[in-house]
Amino acid sequence: MTLPLTILGGYLGAGKTTLINRLLSGNTSLRGGKRLTVLVNDFGAVNIDAGLIAEHDGDTISLANGCACCQLQDDALKQLQQLAAVDAPPDHILVEASGAGEPARLAYLGYGVSGLQLSGIYVAIDAETIAAKQHDKFTGGLVKRQIAQADFCLLTKSDLTDDGGAAAVELIGGLTDAPIAAPDPFSPTYHVYLIEM
């Protein structure tokens, strides 16, 4: 059996943590009923509802809905090998890339583990700030590289813009040929994109 691996990238504040928290919520329709293991850079940023936590042992939070949230360790390759080798593996692994990193570098992990298959690199993009971020002298280059590495773009915070994110979609379309999902961020369909490719 092949275990799919999704990389979720995006610059700081783009909404990665919010997406992950909603996926890990008790609402199974947000993840298509699948059991996920999410590897994150920092537990503290993922505000998991205490009522969902079945067990917490330091590096792993096991949820009552069958999902798990693990802190991304220094040896991420070994961590993925262990997940792929367990008797009852999750249905899908989602790895949150650092907001200051390039998601394509984490994607290489998917090629180094037997039984794992990279399902795609998804990049969260904040509709409110993308225009300014792409021109920032310190982070503009990184933001553009993250978007260029995306197999799929997830537009966030479009509900906070005057045009529903239309200008952001046009701008992103000039930076990548990847599809852009910009539906209602509370819709189950929006989250299933992350785990259906």
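Here is a short walk through a few spots in this structure, which is a predicted model.

Let's start with aromatic rings. A pair of such rings is described by how far apart the centres are and by the angle between the planes. In this model the count comes to 1 aromatic pair. Its partners are Tyr 122 and Phe 152, with ring centres 5.5 Å apart and planes at 35 degrees, so the pair is tilted. Why tilted? Planes under 30 degrees apart would count as stacked and planes over 60 as edge-to-face, so an angle in between gets the third name.

Tyr 122 belongs to strand 7 (residues 116-126), while Phe 152 belongs to strand 8 (residues 152-156), so the pair ties together parts that are 30 residues apart in sequence. Are these two residues buried or exposed? Buried means under 20% relative accessible area. Tyr 122 has 1% relative accessibility, so it counts as buried, and Phe 152, with a relative accessible area of 9%, is buried too.

Next, move to strand 1 (residues 3-9), where you'll find Thr 6. With a relative accessible area of 0%, Thr 6 is buried. Which residue does its side chain touch through a polar contact? The partner is His 92, and the contact between the two side chains is 2.6 Å.

Finally, turn to helix 2 (residues 76-85), where Ala 76, Gln 79, Leu 80 and Leu 83 are buried. Around the helix axis these residues cover an arc of only 95 degrees, so they lie on the same side of helix 2.

Conventions
Residues are numbered from 1 along each chain as its sequence is written. This is a predicted model: local features need pLDDT of at least 70, side-chain atom pairs count only at pLDDT 80 or more; totals for chains, interfaces and linings use all residues. Side-chain values use heavy atoms; hydrogens and water are left out. Rings of Phe, Tyr and Trp (its six-membered ring) pair if their centres lie within 6.5 Å; planes under 30 degrees apart count as stacked, over 60 as edge-to-face and the rest as tilted. Helices (H or I, at least four residues) and strands (E, at least two) are DSSP runs, numbered from the N terminus. Buried means under 20% relative accessible area, exposed over 50%, partly exposed in between (1.4 Å probe, protein chains only). A polar contact is a pair of N or O atoms within 3.5 Å; within protein, one must be able to donate a hydrogen and the other to accept it, and residues adjacent in sequence count only if both atoms are side-chain atoms. The arc is that of the directions from the helix axis to the C-beta atoms.
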